[in-house]
Amino acid sequence: MYSGDSDELQAARAQLVSYSARLLADGLAVGSAGNMSVRAGDIVAITPSGISYDDLRPEDVCLVALDGTEVAGPETPSSETPMHLAIYAATGAAAVVHTHSSEVVALSAARSELPAIHYAITGLGGPVRVAPYVRFGSAGLAAAAVAALDGRRAVILRNHGAVTYGRDLAQAYDRALLLEWLARTYRLALSYGEPAILSAAELDEVTAETRRRRYGERRGTRS
Ligand SMILES: [Zn+2]
């Protein structure tokens, strides 16, 4: 029996509403396209299907169990709930952002991967794969997204959009913005000719240096 929201779930509902407004303002979605979720323990708070982000209120956010059972919410959970749940099951994600942003959709129709046009792509785990096209809302799309996410924090869905995840909604959302920026930058680079792409060794070097600096920062705050 569902016995009301925990503080964590109330915060998740409010956060999903405020980030939904950003999704429109940042051009990552139009109308009610795309969807976002936050995991709080065994419950996932997810944006509902078919409500414009402009009209979304905290009480409209749906709650589902990790097995897909609906826990609370008068609205129908996002049609991509199976994909969100599959990503929670396969990764350590605490939040998932799914966009229909134009740069990634355009790239998805023409390329099989977003290559390392800039070293910031290490924040997504490296070059971002384009998963094969499967109909929205299907178990097949969830499986294709999870497979293409292997070792990555982002995936592009062919002729559809993109998905990013993170340790919280802020990180997952920042990654969605980064992915859109990288796709746009890659397109701009292509307009000059064939762009230079960073090698796996160059990306490994960036990842190692990022880790070293983070470790240094943590040591610094302790002393
Ligand atoms: Zn979608």
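How close do the axes of helix α1 and α5 come, and at what angle do they cross? The axes of α1, residues 7-25, and α5 come within 11 Å and cross at roughly 10 degrees. Axes here are lines fitted to C-alpha atoms, for helices over the stretch in contact, and angles run from 0 to 180 degrees between N-to-C directions. Helices are DSSP runs of H or I with at least four residues, numbered from the N terminus.

This is a predicted model, where local features need pLDDT of at least 70, side-chain atom pairs count only at pLDDT 80 or more, and totals for chains, interfaces and linings use all residues. Residues are numbered from 1 along each chain as its sequence is written, and side-chain values use heavy atoms, with hydrogens and water left out.

Back to the first pair. α1 and α5 are therefore roughly parallel to each other, a label for angles under 35 degrees. On the α1 side, Gln15, Leu16, Tyr19, Arg22 and Leu23 make the contact, with Leu169, Ala170, Tyr173 and Leu177 from α5; contact means heavy atoms within 4.5 Å.

Next, α3. Helix α3, residues 102-110, packs on α5, residues 169-190, at an angle of about 55 degrees, and their axes are 8 Å apart. That makes α3 oblique to α5; oblique is what remains after under 35 degrees (roughly parallel), over 145 (roughly antiparallel) and 65 to 115 (roughly perpendicular). From α3, Ser102, Glu103, Val104 and Leu107 meet Leu179, Glu180, Ala183, Arg184, Tyr186 and Arg187 of α5.

Definitions and conventions
Helix = DSSP H or I, 4+ residues; strand = E, 2+ residues; numbered from the N terminus.
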